[in-house]
Amino acid sequence: RFIAKPCAINLGIQDSGPHRAQPNAILEKVFTSITKSPDGKRLEGLSKQLDWDVRKIQRWFRHRRNQDKPTTLTKFCESMWRFTFYLSIFFYGIRFLWTAPWFWDTRQCWYNYPFQPLTSRLYYYYILELAFYWSLMFSQFTDIKRKDFLIMFVHHLATIGLITFSYMNNMVRVGTLVLCLHDASDFLLEAAKLANYAKYQRLCDAFFMLFGVVFIVTRLGIYPFWILNTTLFESWELIGPYPSWWLFNGLLVTLQVLHVIWSYLIIRTASKALVRGKVSKDDRSDVESSSEEEDVASNSTKGIFSTSSNGSNRLNGHVASSQWTGE
């Protein structure tokens with residue numbers, strides 16, 4: 001409110017929403033009570049009832065769906081908040097871990113386990129991270145729904161479970177390594193979103209490419225060969241298969257599976273960016289287009305699936321084509 005919003009206004013970001021739908025009691029009742037995305041049969045019925053063209057009705061529903069979405073200013077402020085948190089907590093974690101012996105020798109995570117002291121700095125680090133991921137868990141249900149909603153839900157559950165479980169079992173040393181590693185790339189993604197909202201395309205591309213490199217190096221390189229190596233093998237060697245070993249490592253391996261999925265999406269987006277000359281789409285997003293929907297009206301009225309020129313599937317007039325940071 002006092003920092004992000006003035007910054008956005010100075011960058012020329014207006015607090016204006018999308019085109020609002022023309023008031024219509026019949027269509028509003030269908031939208032609120034029945035469906036926000038009517039199929040072909042219902043579109044034909046509404047067309048006869050209102051004496052409207054099918055394309056006009058599709059356009060109305062598209063505008064009605066879009067008008068409930070947050071403005072660019074709102075999205076900028078949200079991304080700036082996340083950028084601030086991720087950057088601050090990352091540098092806090094690096095500063096804290098730089099003097100920690102287990103940062104340089106992961107076997108130190110298991111010496112004298114579970115009788116390891118919990119310092120105040122480590123405690124606050126854990127509590128801040130846990131509070132933030134709980135906030136993400138709740139806000140996910142109010143944000144724009146994306147293709148990776150289920151993946152993100154599993155990710156937040158696994159993260160909260162790991163933080164809570166590792167704290168209860170005093171596995172906080174290896175837990176700090178996992179937290180810091182994940183924070184290393186997140187602030188770069190938020191920086192790319194900020195540049196995109198401000199329409200600094202080259203800066204957006206640069207941040208996104210840097211984010212992709214850091215993400216892949218940390219999540220597909222350091223994480224499995226440094227974190228999983230110590231939790232799976234060094235812990236087994238030093239303290240044996242303790243009762244919680246299976247659950248703890250199961251959650252960590254679940255995170256690794258998600259890392260592989262996201263790395264694929266990042267690589268696919270980056271490859272398209274190299275072909276098009278800029279980062280133009282987030283494969284996770286489900287933001288609707290303005291005109292392509294109408295081009296397939298005849299197919300939509302017949303309930304037919306169609307495919308756009310870039311290969312993205314379209315159902316009942318929905319097409320995933322937007323800015324890659326279309327959140």
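Guide: E190 counts as buried because its relative accessibility is 4%; buried means under 20% relative accessible area, exposed over 50%, and partly exposed in between, with a 1.4 Å probe and protein chains only. The model is predicted, with local features needing pLDDT of at least 70 and side-chain atom pairs counting only at pLDDT 80 or more, while totals for chains, interfaces and linings use all residues. Residues are numbered from 1 along each chain as its sequence is written, and side-chain values use heavy atoms, with hydrogens and water left out.

The partner of E190 is K193, and the two form a salt bridge in which the closest N and O atoms are 3.5 Å apart. A salt bridge here is a side-chain nitrogen of Lys or Arg within 4 Å of a carboxyl oxygen of Asp or Glu. K193 counts as buried as well, because its relative accessibility is 3%. Both residues belong to helix α9 (residues 172-197), where they are three residues apart, about one turn of the helix. Helices (H or I, at least four residues) and strands (E, at least two) are DSSP runs, numbered from the N terminus. An α-helix has 3.6 residues a turn, so residues three or four places apart point the same way. Side chains of opposite charge can pair when their charged atoms come close.

How many salt bridges does a search of the whole structure find? The search finds four. One of them joins R82 and E78 at 3.0 Å, N to O. R82 and E78 are both in helix α5 (residues 72-98), four residues apart, again about one turn of the helix. E78 counts as partly exposed, because its relative accessibility is 28%. R82 counts as buried, because its value is 14%.

A salt bridge at 3.3 Å, N to O, is formed by the side chains of R107 and E237. This pair links distant parts of the chain: R107 is in the loop between α6 (101-104) and α7 (120-139), E237 is in helix α10 (residues 201-239), and 130 residues separate them. R107 counts as partly exposed because its relative accessibility is 24%, and E237 counts as exposed because its value is 55%.

Helix α5 also holds I89. I89 is buried, because its relative accessible area is 5%. Leaving aside neighbours within four places in sequence, I89 is in contact (heavy atoms within 4.5 Å) with Y125, L128, E129 and D183. Between I89 and Y125 there are 36 residues of sequence separation, and the C-alpha to C-alpha distance is 7.9 Å.

H259 is another buried residue, because its relative accessible area is 0%. H259 is in helix α11 (residues 245-276). Not counting residues up to four places away in sequence, H259 touches H182, F215, R219, L220 and Y223.

The unreviewed UniProt entry annotates residues 83-103, 123-142, 207-226 and 246-267 with "transmembrane region". UniProt positions are in the numbering used here, feature names are shortened, and annotations may be inferred rather than shown by experiment. In the model, residues 83-103 are 90% helix and 0% strand, with the end C-alpha atoms 24 Å apart. Residues 246-267 are 100% helix and 0% strand, and their end C-alpha atoms lie 31 Å apart.

Aromatic rings come next. The whole structure contains 27 aromatic pairs. The rings of W110 and Y113 form an edge-to-face pair, because their centres are 6.1 Å apart and their planes are at 70°. Rings of Phe, Tyr and Trp (its six-membered ring) pair if their centres lie within 6.5 Å; planes under 30 degrees apart count as stacked, over 60 as edge-to-face and the rest as tilted. W110 counts as buried because its relative accessibility is 2%, and Y113 is buried with a relative accessible area of 17%. F132 and Y133 are also edge-to-face, because their ring centres are 5.9 Å apart and their planes are at 75°. F132 and Y133 are both buried. Ring pairs join W81, F85, Y86, F132 and Y133 into a cluster.
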